[in-house]
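Q: Please take a close look at a single part of the structure shown below. A connected account, with the criteria stated, would be welcome.

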Amino acid sequence: MDDRIVDLPMPTRLLFIGLWNFVDDDGYISFNAKRIKMQIFPADDLDVSGALRNLLESGQLREFTSDQGPLLKITNWKRHQQVSHPAATRFTGIQPLSSMNAPEPSRVSEKVPEGSPLNGIEEKGIEKKRVVAEVRPDVARLCTILADLVEGNGSKRPNIGKGWHEAARLMLNVDHRPVAECVALLQWTQSDAFWKSNILSMPKFREKYDTVRLQRDRSRAEDANKPRTNPDAWMQT
């Protein structure tokens, strides 16, 4: 009867139910979309990465980090599931991924502009709020690198916003792209005549990631197969 659940696509709802069988007694599971698919939908053509994203966005799952890597946790797990003899979680060093996932998000006041219809609401004890979310260092690094490269190519420096941060985060956590590979590929796109004019944002980079990677590898292979000339050959004639 939960509106947030019934509005989700059927495969996403089935995935949510399936997760209950594989999380530990504290509601945690490794954030590995490929492994989760093999556990719950081994013979079905289902976009598990997209379904997990739907569950995160609807608040049914939360993201954490641990000594063992990224984690997912079912929201309010212990409130809805009674485990008779719970075993201790095998994960250590568990921390919320960001303040967006924390039980009590940090909030700051947001002033209402002069002349706004909302001006004066604070005097009645109602204050407009906004959530301030921290940006992960690896996410911020990728976004800054791309913005620097785009600007270095003579284009106007892009505005790094929420869309950039979300695309970088999903690329690392959901797509499981290594940070070092992302950096190398970003640098290659901005040195390629075609891609430097087509990859101007982090969402576009995530969308074209595999296409760009394959083209880079093909280009390197072609360069490696080109016959090499001997610079001293003229002296031997």
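A: Leu14 has a relative accessibility of 42% and therefore counts as partly exposed (buried is under 20% relative accessible area, exposed over 50%, partly exposed in between, with a 1.4 Å probe and protein chains only). The model is predicted, so local features need pLDDT of at least 70 and side-chain atom pairs pLDDT 80 or more, while totals for chains, interfaces and linings use all residues. Residues are numbered from 1 along each chain as its sequence is written, and side-chain values use heavy atoms, without hydrogens and water.

Leu14 is found in helix α2 (helices are DSSP runs of H or I with at least four residues, strands runs of E with at least two, numbered from the N terminus). Together with Met10, Ile17 and Trp20, Leu14 forms a nonpolar patch on the surface; the accessible area of these four residues together is about 370 Å² (Shrake-Rupley, 1.4 Å probe, only the protein chains shown as cover). Such a patch joins nonpolar side chains (Val, Leu, Ile, Met, Phe, Trp, Tyr) within 5 Å, or like charges within 9 Å, from residues with over 30% relative accessible area and no salt bridge (Lys or Arg side-chain nitrogen within 4 Å of an Asp or Glu carboxyl oxygen).

Helix α2 (10-19) also contributes to the second largest pocket, together with α1 (3-6) and α5 (77-80), each supplying at least two lining residues. The largest share of this lining, three residues, comes from α2. The pocket has a volume of about 270 Å³, the space filled by probe spheres on its grid points, joined across faces, edges and corners. A pocket is an open set of points on a 1 Å grid where a 1.4 Å probe fits, with protein on both sides within 12 Å along at least five of seven lines; lining residues have an atom within 4 Å of a point.

In total 15 residues line the second largest pocket, and Ile5, Phe16, Gln60, Thr75 and His80 lie nearest its centre. By class, the lining has six nonpolar, six polar and three charged residues (Ala, Val, Leu, Ile, Met, Phe, Trp, Tyr, Cys and Pro are nonpolar; Asp, Glu, Lys and Arg charged; the others, Gly among them, polar).

Asn76 is found in the loop between β3 (71-74) and α5. Asn76 is not a glycine, yet has a positive phi of about 55 degrees, and its relative accessibility of 35% makes it partly exposed.

The loop between α2 and β1 (28-30) contains Asp24, which is buried at a relative accessible area of 17%. Although 63 residues separate Asp24 from Ala87 in sequence, their C-alpha atoms are 7.9 Å apart.
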